[in-house]
Amino acid sequence: MSDLGPKRAADAAPQTRPSPEVTLYSKTGCHLCEEAKAAIAPLLREFHATLREIDIEGDATLLERFGCDIPVIYIGRKKAAKHRVNLEQFRRQLQDAS
């Protein structure tokens with residue numbers, strides 16, 4: 001029998017990917033934004049995703065870019081939803097990002 005030697009820590013450690021980062025572009029008083037945020041909350045918890053909410057009114061460039069086309073949700077650098085969230089699709093996108 002040959003001795004393969006001690007396992008390296010890198011070989012023994014499970015390969016984990018960082019939790020997905022979700023960005024929600026919104027603005028104060030946007031009812032669709034609040035609905036989207038509430039709808040995705042359970043999935044964010046399930047996938048241990050972090051939510052970064054950005055108020056577009058605080059940035060002229062974002063306000064010009066998104067205007068009334070909010071909410072816009074990104075998972076990482078990929079656009080995941082605009083206006084309304086399809087939760088089945090959003091779940092698949094989180095799975096792909098996890």
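His 48 lies in the loop between helix H2 (31–46) and strand E2 (50–55); helices (H or I, at least four residues) and strands (E, at least two) are DSSP runs, numbered from the N terminus. The phi angle of His 48 is near 55 degrees, a positive value in a residue other than glycine. His 48 is exposed, with a relative accessible area of 59%. Here buried means under 20% relative accessible area, exposed over 50%, and partly exposed in between (1.4 Å probe, protein chains only).

His 83 is found in the loop between strand E4 (78–82) and helix H4 (87–97). Although His 83 is not a glycine, its phi is positive, at about 70 degrees. His 83 counts as partly exposed, at 31% relative accessibility. Most residues other than glycine have a negative phi, and most peptide bonds are trans.

## Basis of the model

This is a predicted model, in which local features need pLDDT of at least 70 and side-chain atom pairs count only at pLDDT 80 or more, while totals for chains, interfaces and linings use all residues. Residues are numbered from 1 along each chain as its sequence is written, and side-chain values use heavy atoms, with hydrogens and water left out.

## Cis peptide bond

Ile 70 and Pro 71 are joined by a cis peptide bond, with omega about 0 degrees. Pro 71 is located in the loop between helix H3 (60–66) and strand E3 (72–75).

## Cysteines

A disulfide is a pair of cysteine sulfur atoms within 2.5 Å, and by this rule the count comes to one disulfide. The bond joins Cys 30 to Cys 33, with an S to S distance of 2.4 Å. The link of Cys 30 and Cys 33 is right-handed, with 75 degrees about the S-S bond. Both Cys 30 and Cys 33 are buried.

Cys 68 is exposed, with a relative accessible area of 69%.

## Surroundings of Ser 26

Ser 26 belongs to strand E1 (residues 21–26) and is buried, with a relative accessible area of 4%. The side chains of Ser 26 and Glu 53 are joined by a polar contact of 3.2 Å. A polar contact is a pair of N or O atoms within 3.5 Å; within protein, one must be able to donate a hydrogen and the other to accept it, and residues adjacent in sequence count only if both atoms are side-chain atoms.

Not counting residues up to four places away in sequence, Ser 26 touches Cys 33, Glu 53, Ile 54, Asp 55, Ile 56 and Ile 70, where contact means heavy atoms within 4.5 Å.
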